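Reader: Can you take me through this one? I'd like to start with how the chains meet.

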Protein chains: 2
Amino acid sequence: MTSFPLPPLSAIGILGGGQLGRMLALAAGRLGFDSVVLGPEQDSPAGRVASRQIVAAFDDPLALAQLSQAVQVVTFEFENVPAATLERLSAHSVAIAPGARALAVAQDRVDEKSFLNAAGVATVAFEAVDSAQDCVLAVSRIGTPSLLKTRREGYDGKGQVWIESPADATAAFDSLGGAPCILEAAAPFLRELSVIAARGRDGEIVLYPLGENHHESGVLRRTSAPATVAPAVAAQAERIAHQVLNGLDYVGVMGIELFEMPGEVLLVNELAPRVHNSGHWTQDGCEVDQFEQHIRAIAGWPLGPTDAIRHVEMTNLLGAEADEWEKLAAEPEGRLHLYGKRGGGAGRKMGHINRVRPV
Amino acid sequence: MTSFPLPPLSAIGILGGGQLGRMLALAAGRLGFDSVVLGPEQDSPAGRVASRQIVAAFDDPLALAQLSQAVQVVTFEFENVPAATLERLSAHSVAIAPGARALAVAQDRVDEKSFLNAAGVATVAFEAVDSAQDCVLAVSRIGTPSLLKTRREGYDGKGQVWIESPADATAAFDSLGGAPCILEAAAPFLRELSVIAARGRDGEIVLYPLGENHHESGVLRRTSAPATVAPAVAAQAERIAHQVLNGLDYVGVMGIELFEMPGEVLLVNELAPRVHNSGHWTQDGCEVDQFEQHIRAIAGWPLGPTDAIRHVEMTNLLGAEADEWEKLAAEPEGRLHLYGKRGGGAGRKMGHINRVRPV
């Protein structure tokens, strides 16, 4: 078995070749690690800054064997890792961080909320919905408006539908293709916050200051951080992060999406068992950013400081917005991060800009 | 011919696979560029974070043809680029930055100081020395102690010898193997400073705050920045940077090593037409560090801000000092940068740590 902490020159395996994998590989490089990226895309954004790329499906047995032999620890840039992938990696005895339990919980919205509630963390009311009949019953208990989502997959607002009236329940369930679903009560939140937290192999937990998120069409548009929050809210976020990360025996960085409700109450909306878009501000706002922090955690290194040294407004550059790179690069307060993606469809995340000012 | 500014997804060619090339490649990756590293070492530190590596001698014709086809601009992590390399690259019409003139001047200590003096920039007194007889004559004019150096090559204190008495002149010349030399007057400096400056394709020049350097056995040990300097000294540094960079029609980042003499006078010791060890503090002390700045400049992008946001003491980790990575990584004020070098001989630069505090 791998012994931790991993010395420099060890290799980090990254499943997924997108921008999160790319920024993880760059952070690994800064600390003297090699990185090996596995994903189906030839010359992926992450693969082009990695020490090595393995181009294969995520559950390709031969590719996973190669990866296991080439690296000392495997991590992920996305949570929907196939169960077969985890089983094969485990069979090769390579270390995996975060672990299978965190991924399983994050992959199923009912399991996720059940875990949270069992850990003493509040969420909106919810019910599992496996049939149109379940949906009608669930709507009768939870009320309307309420939100029907597939239990698995779905992101950036996809795979979900609002139910405005009990009469719509059956049609709503059918519109999601009959997949197993979750019905969630509407959350009349004041704003959306998120906390980026990390837990080391020794159980140490650190939190970055909260970010305030603004979505458009279900996609994160801007994060403003550190967010101004009441002390009670900050304390709740800290408690939530400890409950969640300890509850999952978690290793690595996690993004926890929160709803701030009236009365200084936080509900957890969703867990992302990985570095998170709402944590990109830490690259230019903190001593050690979420990417280096994740590498430190999974390598068994001491965690780094999380204090904000600047205020940052992070804005995602979607689709053609990134074509404005020359103008953006000239902004004196803007730190530009581009992902090296070829071809930007409408809404595709091509980069982000962190606009900084003194805290 | 290449048109500038280079859009993201363009490829930057880097000659040299060491730590400077590595940090350039990481900076290029952050801005969405690809990087192609050419150097003789298989799996070099830079090659392992580059999009592609070409393993070949620096003057290998086929490799240089491949590089020219793969990239939009070629840059260097070292100044002693063979003339044959530059000629071959030029023949392939690939853009080169900084240009051949800057490299030629920096490769020959007599040419360098002659250029500086002609540009109105002060240096120590010097004379070209091509024979033992020249050396005797030069010592009689310049006096002792004085420093005899080979005109070309030599770094980190290698290829040089102090002459303490006129009687030692012949032996000193012979000890350097009869190579063409330069005799330099001793500079009774108060301290060694350096300025990292950049010039864009549009002629814009920016300077980082001065760093104060401490050498041991001819090797840079520590840089403390921003250095506390008299306004007259800062103004001189700015004038020097403008004279030098404009005089060479320079594009990119340059490190200019300075002697601060009594009476608030600066002499230029040496030019490094590349990113420079004494500029590593900018990674954690400035908005845009010297590596991103160099990539911006050679890509024809607008230059970024150079203000210090933190005070940094940069310490090189030489040889086995880098084995203390676990302890160093736990320093809350220390930002660790490791180069991914395999095998650290005594004195080999393995990494550096930037210890930060508020300005």
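Author: A definition to begin with: two residues count as in contact if their C-beta atoms, placed from the backbone, lie within 7 Å. Bear in mind that this is a predicted model.

Reader: Fine. How many residues does the contact take from chain A and from chain B?

Author: Chain A gives 29 residues and chain B gives 29 residues.

Reader: Which elements give two or more residues to the side of chain A that touches chain B?

Author: They are helix H1 (19–30), helix H11 (325–329) and strand S17 (334–338) of chain A. The largest share, four residues, comes from S17(A).

Reader: And that side of chain A by class? What does it have?

Author: The side of chain A that touches chain B has 16 nonpolar residues, six polar and seven charged.

Reader: Do the copies meet through the same surface or different ones?

Author: The same surface, because 100% of the interface residues of chain A are also interface residues in chain B.

Reader: What rotation superposes chain A on chain B?

Author: A rotation of 180°, with a shift of 0.0 Å along its axis, and the RMSD is 0.0 Å. That is the relation of a two-fold axis.

Reader: Which C-alpha in chain A is nearest the axis?

Author: That of Val49(A), 2.5 Å from the axis.

Reader: Changing topic. What does the domain assignment of chain A give?

Author: Domain 1 covers 11–96, domain 2 covers 125–185 and domain 3 covers 191–358.

Reader: How far apart are domain 1 and domain 2 of chain A, by C-alpha centres?

Author: Their C-alpha centres lie 35 Å apart.

Notes:
Residues are numbered from 1 along each chain as its sequence is written. Chains are lettered from A and ligands numbered from 1 in the order in which they are written. This is a predicted model: local features need pLDDT of at least 70, side-chain atom pairs count only at pLDDT 80 or more; totals for chains, interfaces and linings use all residues. Domain bounds come from an automatic or database domain assignment. Ala, Val, Leu, Ile, Met, Phe, Trp, Tyr, Cys and Pro count as nonpolar, Asp, Glu, Lys and Arg as charged, and the others, Gly among them, as polar. Copies are superposed by least squares on the C-alpha atoms of residues with pLDDT of at least 70 in both.
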